[in-house]
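Subject: Handover of a structure

Dear colleague,

Please find below the structure that I am passing on to you.

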Amino acid sequence: MKLSYLDLDSKFINKEKLLALKDERDTWIDRPSNKEYKDLLNNLPKLKAKFSDFENSEITLGHEDEIPCEQREEILSQAKALIPWRKGPFRLFGELIDAEWRSDFKWERLEKSLGSLKDKKVLDIGCNNGYFMFRMAAQNPELVLGIDPVVHNLAQFEFINHFSQLDNLKFELFGVEHLTYFRNYWDTIFSMGILYHHRHPMEQLIQMREALAPEGQLILETIGIPGDETVALFPEDKYAKMRNVWFLPTLSCLKNWANRAGFIDIEVLSVQETTFDEQRLTKWCPPPHQSLQDFLDQDDPTKTVEGYPAPVRFCLKMKKKKGPLLGVE
C-alpha cells in the first residue's frame with residue numbers, strides 16, 4: 001500500500017489528502033522532461049553494496065574492488081548523468097562524488113547537540129538528495145521521510161539508496177506546504193536552508209511546531225544577516241542572484257520568530273559564515289552552474305553582488321512544549 005511506512009490510520013495524519021497527493025506527485029517522473037531520470041533508475045544494476053558507512057563525512061557505499069571494473073564504470077557514468085550534485089560528499093564504489101556543498105561541515109556543527117534519533121520518526125524538509133538523511137541513518141531511526149518537490153533530487157536519492165537499500169529512508173515529492181497533513185506526529189523535524197525561500201516564515205514555523213509531537217525538536221538552519229537589532233532584510237528583487245529569497249533575519253530576529261511561533265528551549269548551535277571551502281564548484285557541479293563565489297561581490301566578499309550583507313548561517317535547536325494531542329482537522 002502506498003505510504004504504508006506511515007501510520008495512516010493515526011488521527012495525527014490526514015490520510016485522504018496524503019494519498020491523493022502521493023498519487024499526483026508519483027506521475028511527475030512520467031513527464032517527458034523527466035524521461036532521462038526514469039530510464040536511468042529503471043536500468044540500475046541489481047546490486048547492494050557489501051560495505052556502507054554513514055557515520056563519517058563521506059557517505060560511503062562499497063569498495064572499489066567490490067565489483068568488476070566494467071560495472072563500476074557503468075555506475076560512474078550513471079552518477080555523472082545526474083550532474084549537478086549539490087549536496088555531498090558521497091563515495092560510491094571508490095569514486096568520490098564531490099558535490100558543490102560540503103554538507104558534512106553543516107552536519108558537524110549540529111551533530112553533537114542533536115541527541116539520539118534511535119527509533120524516532122524524523123522529517124527532513126527540502127532534503128535535496130538526502131545527504132543528511134543518510135547521516136541520520138547511522139543512528140537507526142524508525143523512519144526518516146525526506147520531502148522535496150524536485151525530480152532531479154528524487155533521482156539522486158533513489159540512485160544512492162539503490163545501493164544501500166535502507167528501508168527506513170523514504171523520499172516523497174512533497175513540499176513544506178504539506179506540513180498541515182501532519183499534527184503532533186514527528187519526533188524531530190529538520191529544516192535546513194529552507195525558511196528564507198518562503199514568503200511567510202512565521203506561518204512555516206508554526207506549521208512545523210504543530211507537526212511535531214509534544215516535546216519534539218526542530219533543527220532549523222537558515223541564512224540571515226549580521227547585526228544586533230531584531231530586524232529582517234527584505235530584498236528588493238534578488239539576493240545573491242536568487243529571486244526566491246524573502247526574509248533574512250538577524251540572529252535576534254530569528255530567535256524572536258521562534259519564540260513567538262510557540263517554541264521553547266531555543267538554543268543557538270552555530271553562527272557561521274559560509275566559506276569557499278564549504279560551497280564551491282567541482283567537477284560534479286561544474287560551470288556553467290554557479291556557486292558562492294559567483295554570488296558575492298568580487299571586490300568585497302562581505303556583500304552580495306546586489307550590495308546586500310553577505311549571508312550568515314544560523315543553526316538553532318528548539319522544542320515543542322507539552323500540550324493536548326489534537327489530530328489533524
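The notes below cover the sheet, a pair of helices, the cavities and the pockets. Please bear in mind throughout that this is a predicted model.

The sheet

An open sheet is formed by 7 strands, and their order across the sheet is E9-E8-E7-E10-E11-E15-E14. The pairing in this sheet is mixed. At the edges are strand E9 (169-172) and strand E14 (263-273), each of which pairs on one side only. From one strand to the next, the twist averages 15 degrees.

Within the sheet, strand E11 (residues 212-224) is paired with strand E15 (residues 312-320) in the antiparallel sense, over 8 bridges. To locate this pairing in the model, you may look for Ile223, whose bridge partner in E15 is Arg313. Helix H8 (residues 251-260) lies across E11, E14 and E15, and runs at about 155 degrees to E14.

A pair of helices

Helix H2 (residues 35-42) and helix H6 (residues 151-164) have axes that come within 10 Å and cross at roughly 10 degrees. H2 is therefore roughly parallel to H6, since angles under 35 degrees count as roughly parallel. On the H2 side, the contact is made by Tyr37, Leu40 and Leu41. H6 contributes Val151, His152, Ala155, Glu158 and Phe159 to this contact. By class, the residues of the contact between H2 and H6 are 6 nonpolar, 1 polar and 1 charged.

The cavities

There are 2 cavities of 30 Å³ or more in the structure. The largest cavity has a volume of about 50 Å³. Its lining consists of Arg72, Ile75, Leu76, Ala79, Leu92, Phe93, Glu95, Ile97 and Trp284. Helix H3 (69-80) and strand E5 (95-97) each supply at least two residues of the lining of the largest cavity, and H3 gives the most, with 4 residues. This lining has 7 nonpolar and 2 charged residues, and no polar ones.

The second largest cavity holds about 40 Å³ of space. Leu123, Leu145, Ile147, Phe174, Gly175, His178, Leu179 and Phe182 form its lining. Here the division is 6 nonpolar, 2 polar and no charged residues.

The volume of the largest pocket is about 1,000 Å³. It is lined by 45 residues, of which Lys87, Asn128, Gly193, Tyr196 and His197 are the closest to its centre. Strand E7 (121-125), helix H5 (131-137), H6 and helix H9 (292-295) each provide at least two residues of the lining of the largest pocket. The classes in this lining are 22 nonpolar, 14 polar and 9 charged residues.

For the second largest pocket, the volume is about 320 Å³. Among the 18 residues that line the second largest pocket, those closest to its centre are Lys22, Leu154, Phe157, Glu158 and Phe171. Helix H1 (15-25), H6 and E9 are the elements that give two or more residues to this lining. H6 accounts for the largest share, 5 residues. The lining of the second largest pocket has 8 nonpolar, 3 polar and 7 charged residues.

With kind regards

Definitions and conventions:
Residues are numbered from 1 along each chain as its sequence is written. This is a predicted model: local features need pLDDT of at least 70, side-chain atom pairs count only at pLDDT 80 or more; totals for chains, interfaces and linings use all residues. Side-chain values use heavy atoms; hydrogens and water are left out. Two strands pair if DSSP finds at least two bridges between them. Axes are lines fitted to C-alpha atoms, for helices over the stretch in contact, and angles run from 0 to 180 degrees between N-to-C directions. Contact means heavy atoms within 4.5 Å. Angles under 35 degrees count as roughly parallel, over 145 as roughly antiparallel, 65 to 115 as roughly perpendicular and the rest as oblique. Ala, Val, Leu, Ile, Met, Phe, Trp, Tyr, Cys and Pro count as nonpolar, Asp, Glu, Lys and Arg as charged, and the others, Gly among them, as polar. On a 1 Å grid over the protein atoms alone, a cavity is a set of points where a 1.4 Å probe fits but cannot get out, and a pocket is an open set with protein on both sides within 12 Å along at least five of seven lines; lining residues have an atom within 4 Å of a point. Grid points are joined across faces, edges and corners, and a volume is the space filled by probe spheres set on the points.
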